[in-house]
Amino acid sequence: MASANHISKVAIVGAGGNVGRFMTGALLKTGKHDVTALTRADSQSKLPEGVKTKTVDYSKPETLVDALRGQEALVITISGRAPIKDIEEKLVRAAGEAGVTWILPNEWSPDSADDGIVKDVFLFGMKVATRKLIEELGKSSYVAVSCGFWYEYSLAIANNYGFDFANRHLNMYDDGQTKLCTTTWPQVGRAVAAILSLPIQPSNGQGKQACLDAIRNKVVYINSFNVSQMDMLASAQRVTGTKEGDWKIEKHDSHERFDVSLKFFKEGKFKTEGFTNFLYSRVFFPNGGGDFEHKGTINQMLELPKEDLDEATKVAMERQQATGGGH
């Protein structure tokens, strides 16, 4: 039952997407949330059962406002292939006009509060701009969830975490020992549901109780694993029953890979031999900000479970085989 101190009505953009479907499923599973998906008229996404839908047209901002009226929270997940900046700004402005008090913006990434990452990776600047816009409008509050890259997605694409499982080939950054924070889709879903299940303010005078007010207008951190490429390799070896000698490992300087891949990216040469994902090479810089555990995660506050690395690696391997994400 709805409470003045809890969120019950949640709108979500991208409810049928890679991570959005896990968020939606987890929110429904709580039994505390009425979930509405904002969808385009031509959307082909399959939505979980129990989700309401409202059709919007981003060329007509009034449709966004109408769809968001009565909602208490807005969760935004936008595909990297979409015009993120334009869509998210329209959503944030519409949420403010509609009276939506909480926004989980399109964060879901490495630490965009790290000045070095934001400076080097211009795409993360959009996340900073969105947080700034929400604060400037002053009509909504945000909780920006930094989760690192998604584990089963990133491990399944050879140009991301470097693994080609079918050919047992690994492109290793430097010595492969740089650790980073990474999170599975189910863990992100659980985190969103847990955040939006927190009381807005401490109840019954419990000043130390976990609540939304404590994380209002903050970047917060969650993860599944804090691992290096060598840790991932060890996991893959356990899953496949192989040894390190069964793998071909090519070592690359992370800074050089970043410079080259960023140049190719700006030139639109995504199919060029040697191209790797500049986003990923950047977080593998030694002390480059990919590991945010020292900042403190809210895993314990949200009561997120410990996950099995090998099980997640197995999911990634199956995904790479199904999608052809190897070389």
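Between domain 1 and domain 2 there are eight residue pairs in polar contact, counting pairs in which both residues have a pLDDT of 80 or more, a confidence limit that matters here because this is a predicted model. On the side of domain 1 that touches domain 2, the helices α4 and α7 (185-195) each supply at least two residues, and α7 gives the most to that side, with five residues. The rule for salt bridges finds two of them across the interface of domain 1 and domain 2. A salt bridge also joins the side chains of E307 and R190, with 3.1 Å from N to O.

Domain 1 is made of residues 9-148 together with 183-221, while domain 2 is made of residues 151-180, 225-290 and 303-315. The contact draws 18 residues from domain 1 and 19 residues from domain 2. Taken over C-alpha atoms, the centres of domain 1 and domain 2 lie 28 Å apart.

How can the extent of such a contact be expressed? The size of an interface is often given as the accessible area that is lost when the parts come together. Here domain 1 and domain 2 bury about 1,500 Å² between them, and 66% of this area is on carbon and sulfur atoms. Within domain 1, the residues that lose the most area to domain 2 are D120, T184 and Q187, which together make up 30% of what that side buries.

Is V121 buried or exposed? With a relative accessible area of 1%, V121 is buried, because a residue counts as buried when this value is under 20%. Leaving aside the neighbours of V121 within four places in sequence, the residues in contact with V121 are F258, F278, L279 and R282. One of these, L279, is 158 residues away from V121 in sequence, and yet the two are 6.9 Å apart in space, from C-alpha to C-alpha.

Another part of the structure to follow is strand β9 (residues 169-173), which is mostly covered, since five of its five residues are buried. Which residues of β9 point one way, and which the other way? H169, N171 and Y173 point one way from the strand, whereas L170 and M172 point the other way, and all of these residues are buried.

Strand β9 also has partners. Strand β8 (residues 163-164) runs antiparallel to β9 and is joined to it by two bridges, with F163 standing opposite L170 in β9. The strands β8 and β9 form a hairpin that has four residues between them, and in this turn R168 has a positive phi of about 50°. With strand β13 (residues 248-252), by contrast, β9 runs parallel, and five bridges join the two; in β13, the residue H252 is the bridge partner of Y173.

A parallel pairing can also be followed at strand β1 (residues 9-13). Four of the five residues of β1 are buried, so this strand is largely enclosed by the rest of the structure. Five bridges join β1 to strand β2 (residues 34-40), and the two strands run parallel. Within this pair, V13 stands opposite L38 in β2.

Notes
Residues numbered from 1 in each chain as written. Predicted model: local features only at pLDDT ≥ 70, side-chain atom pairs only at ≥ 80, totals over all residues. Heavy atoms only, no water. Buried < 20%, exposed > 50% of the residue type's maximum accessible area, 1.4 Å probe, protein only. Contact = heavy atoms within 4.5 Å. Pairing = 2+ DSSP bridges. Domains from an automatic or database assignment. Buried area = accessible area lost by both parts, 1.4 Å probe. Salt bridge = Lys/Arg side-chain N within 4 Å of Asp/Glu carboxyl O. Polar contact = N/O pair within 3.5 Å; in protein donor to acceptor, adjacent residues only side chain to side chain.
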